[in-house]
Amino acid sequence: MGLLGTIHEPKVLRSLDLTELKTLAQEIRQEMIDVVSKNGGHLAPNLGVVELTLALHRIFDSPYDKIVWDVGHQTYVHKLLTGRLDRFKTIRKYQGLSGFPKRAESTHDCFETGHSSTSISAAVGFAKARDVLRESHHVVAVIGDGAMTGGMAYEALNHAGHSETNLIVVLNDNEMSISPNVGAMSTYLNRLRTDPLYDKRKEDLEYLLKRIPGIGTKVAKLAAKAKDSLKYLLVPGLIFEELGFTYLGPINGHDQALLEEVLDQAKNKKGPVLVHVLTHKGKGYKPAEENPDIFHGVGPFEPETGKVTKKIAPPTYTAVFGDTLCTLACQDSKIVAITAAMPSGTGLNSFAKQFPERFFDVGIAEQHAVTFAAGLAFGGLKPVVAIYSTFYQRAYDQVLHDVCLQQANVVLAIDRAGVVGDDGPTHHGVFDISMFRIIPNLIFMAPKDENELRHMLYTALQQSGPVALRYPRSVGQGVTLDETLKLLTIGKAEVLRDGRDVTLIGVGPLVQICLLAAQELRHQGVEAAVINLRYINPLDREVLAHYAHLTKKFITVEDHSLKGGMGSSILEFLEEEGIDEVTVERLGYPGFVDQGSIPQLFMAHGLSVKGIMQAAERLQLFRRAAQS
């Protein structure tokens with residue numbers, strides 16, 4: 001496989017010249033296009049960091065030097081250069097390579113990342129550990145301009161600048177551009193400031209000025225003020241300078257020689273340094289360059305044309321949510337929508353176009369999004385906050401303290417609830433039930449299909465307090481969508497099937513699996529009741545108590561962690577009611593869930609007809625049926 005096939009570890013890169021590096025960059029891009037076209041994945045971000053990744057591994061000595069990647073979806077090139085070429089075709093597949101850094105995969109992956117804005121905090125930790133242990137390696141954080149919208153990044157920058165420890169932050173900016181004149185001036189000033197003689201000259205000049213009798217100190221202060229004024233006028237990134245960083249850039253992130261020159265300067269500079277690198281998403285592949293948003297995270301596509309492979313399928317829950325919200329917003333001018341840098345992913349693109357003045361994208365700032373929504377609610381609006389389940393984890397305090405404690409009229413739309421497939425454990429939404437169901441004042445819903453989702457969203461917007469609504473990433477069940485939306489009774493479950501032998505309690509789309517399992521159980525002589533729980537909080541205590549006394553056997557089925565999940569809430573209910581004759585089998589996830597397709601993960605964890613049948617066998621239901 002040409003040059004790429006000879007790169008078994010990063011140090012080999014240092015023997016290549018610029019011509020060979022250019023060839024290698026082309027081979028890397030082609031390999032990523034070939035694999036992602038089959039597997040799906042984050043293509044555009046990785047095409048944009050080829051030269052940057054090559055430069056990082058040529059200037060720094062990984063794994064001795066630590067390279068921390070933010071978000072982590074731009075590490076495909078890093079994986080190819082660190083001995084994983086032979087397994088690259090398995091990326092994002094079940095039991096294959098992760099699409100993100102994974103410590104278990106390689107010593108070159110020093111920190112696992114899947115959520116944004118964490119790299120600088122982790123890098124400061126690595127740097128301080130090095131200092132305490134009196135070691136001498138370099139620490140580099142690579143963060144994108146999108147991740148710099150997250151507050152955690154600024155908290156870390158503030159700490160790093162104050163600590164004055166040796167640390168390099170590479171800001172990979174793939175959105176902004178810079179004019180040639182400003183760029184040339186910036187390059188000149190950066191070279192001046194990184195000249196090892198510059199600090200010495202500056203100190204000498206300050207010393208001489210201060211020795212002028214009577215006016216020396218004033219002259220020195222005026223000179224410093226003039227210098228700062230010049231920098232404010234000509235130097236971009238001065239905010240980083242004020243935070244205590246030496247700022248280098250912006251530089252062309254696809255100029256291999258310049259990248260290496262500046263990274264080498266940063267490597268030899270004392271204290272925290274920020275290198276501002278301008279890159280182009282999708283670089284080297286025309287379809288991705290023209291549509292970087294589509295190829296940011298893309299499914300399988302035709303590599304020759306870039307045409308994304310689409311299957312005929314029902315609309316996704318996300319799409320139904322977005323369409324329904326637009327319908328409701330046409331009827332109610334107080335409805336507003338908020339997202340944290342995910343307008344497309346949360347289905348709010350249409351809302352943003354139809355109601356631009358009522359749509360708010362706050363950047364990667366989930367905490368701000370939720371508290372901002374509380375303020376909007378108390379200001380008289382009806383805010384709907386659409387965030388992925390895995391990212392709501394970052395705003396837990398705000399949900400509890402700012403929304404629920406104050407009973408703010410906010411709808412928390414929890415997208416991507418449950419397992420999400422090939423993105424793996426950093427993105428699975430399998431902890432939101434355990435987090436949110438314990439919070440007082442919060443109504444918590446989960447629809448069995450896309451039609452029920454519409455009614456639940458309508459119902460949520462009619463409430464006077466906080467409501468959470470969780471739904472999965474997948475396509476819908478293909479059911480007919482009612483034209484007229486109806487108000488659902490709060491806390492009322494739906495009994496879909498009666499039965500005397502066992503009660504199957506499902507939440508969300510897994511209710512459909514319960515119905516299929518009930519049919520199979522009937523063939524075995526077992527009559528199963530099926531309950532669509534609908535409300536995780538409050539529970540329908542009347543229905544649950546009735547079937548507890550009737551069947552005395554429960555099987556709970558949830559696309560969620562077992563600890564603290566829906567099944568746990570059923571156990572708590574039985575204990576509270578003093579119902580001790582019920583045996584409960586809980587189906588869900590024992591902990592973190594690996595990557596894989598959603599059907600693969602369901603099968604692996606018993607969230608299937610087969611899994612329910614096995615649970616029924618553990619309850620000795622078949623023996624009971626045979627005896628009767």
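This is a predicted model: local features need pLDDT of at least 70, side-chain atom pairs count only at pLDDT 80 or more; totals for chains, interfaces and linings use all residues.

A: Contact here means heavy atoms within 4.5 Å. You'll find Ala-122 in helix H5, which spans residues 119-132. Skip the neighbours within four places in sequence, and Ala-122 is in contact with Val-68 and Phe-111. Take Val-68 of those two: Val-68 and Ala-122 are 54 residues apart along the chain, yet their C-alpha atoms are separated by 7.4 Å. Ala-122 has a relative accessibility of 11%, and the cut-off for buried is under 20%, so Ala-122 counts as buried.

Zooming out, the chain has 628 residues, and 56% of them are buried. If you take the contacts between residues at least 6 apart in sequence, 75% of them join residues at least 24 apart.

Seven of them line up as E7-E6-E8-E9-E11-E10-E15, with mixed pairing. Strand E7 (359-361) and strand E15 (535-537) are the edges: each has a single partner strand, so one side of each has no neighbour in the sheet. From one strand to the next, the twist averages 20°. At the E7 end, strand E6 (residues 335-339) pairs with E7 in the parallel sense, over three bridges. Thr-339 has Asp-361 of E7 as its bridge partner.

Helix H13, residues 317-331, lies across E6, strand E8 (382-388) and strand E9 (411-415), and H13 runs at about 145° to E6.

Then there's a helix pair to look at. The axes of helix H15 (residues 366-378) and helix H17 (residues 396-404) come within 9 Å and cross at roughly 10°. Angles under 35 degrees count as roughly parallel, so that is what H15 and H17 are. On the H15 side the contact uses Gln-367, Val-370, Thr-371, Ala-374 and Phe-378, while H17 brings Gln-398, Val-399, Asp-402 and Val-403. Sorted by type, the residues of this contact are five nonpolar, three polar and one charged.

Last stop, the aromatics. A pair of aromatic rings is described by the distance of the centres and the angle of the planes. The structure holds 14 aromatic pairs. One of them joins Phe-351 and Phe-355: the ring centres are 4.9 Å apart and the planes stand at 50°, so this pair is tilted. Phe-351 and Phe-355 are both buried. Elsewhere on the list, Tyr-392, Tyr-396, Phe-436 and Phe-444 come together as one aromatic cluster.

How values were computed: Residues are numbered from 1 along each chain as its sequence is written. Side-chain values use heavy atoms; hydrogens and water are left out. Two strands pair if DSSP finds at least two bridges between them. Helices (H or I, at least four residues) and strands (E, at least two) are DSSP runs, numbered from the N terminus. Axes are lines fitted to C-alpha atoms, for helices over the stretch in contact, and angles run from 0 to 180 degrees between N-to-C directions. Angles under 35 degrees count as roughly parallel, over 145 as roughly antiparallel, 65 to 115 as roughly perpendicular and the rest as oblique. Ala, Val, Leu, Ile, Met, Phe, Trp, Tyr, Cys and Pro count as nonpolar, Asp, Glu, Lys and Arg as charged, and the others, Gly among them, as polar. Buried means under 20% relative accessible area, exposed over 50%, partly exposed in between (1.4 Å probe, protein chains only). Rings of Phe, Tyr and Trp (its six-membered ring) pair if their centres lie within 6.5 Å; planes under 30 degrees apart count as stacked, over 60 as edge-to-face and the rest as tilted.
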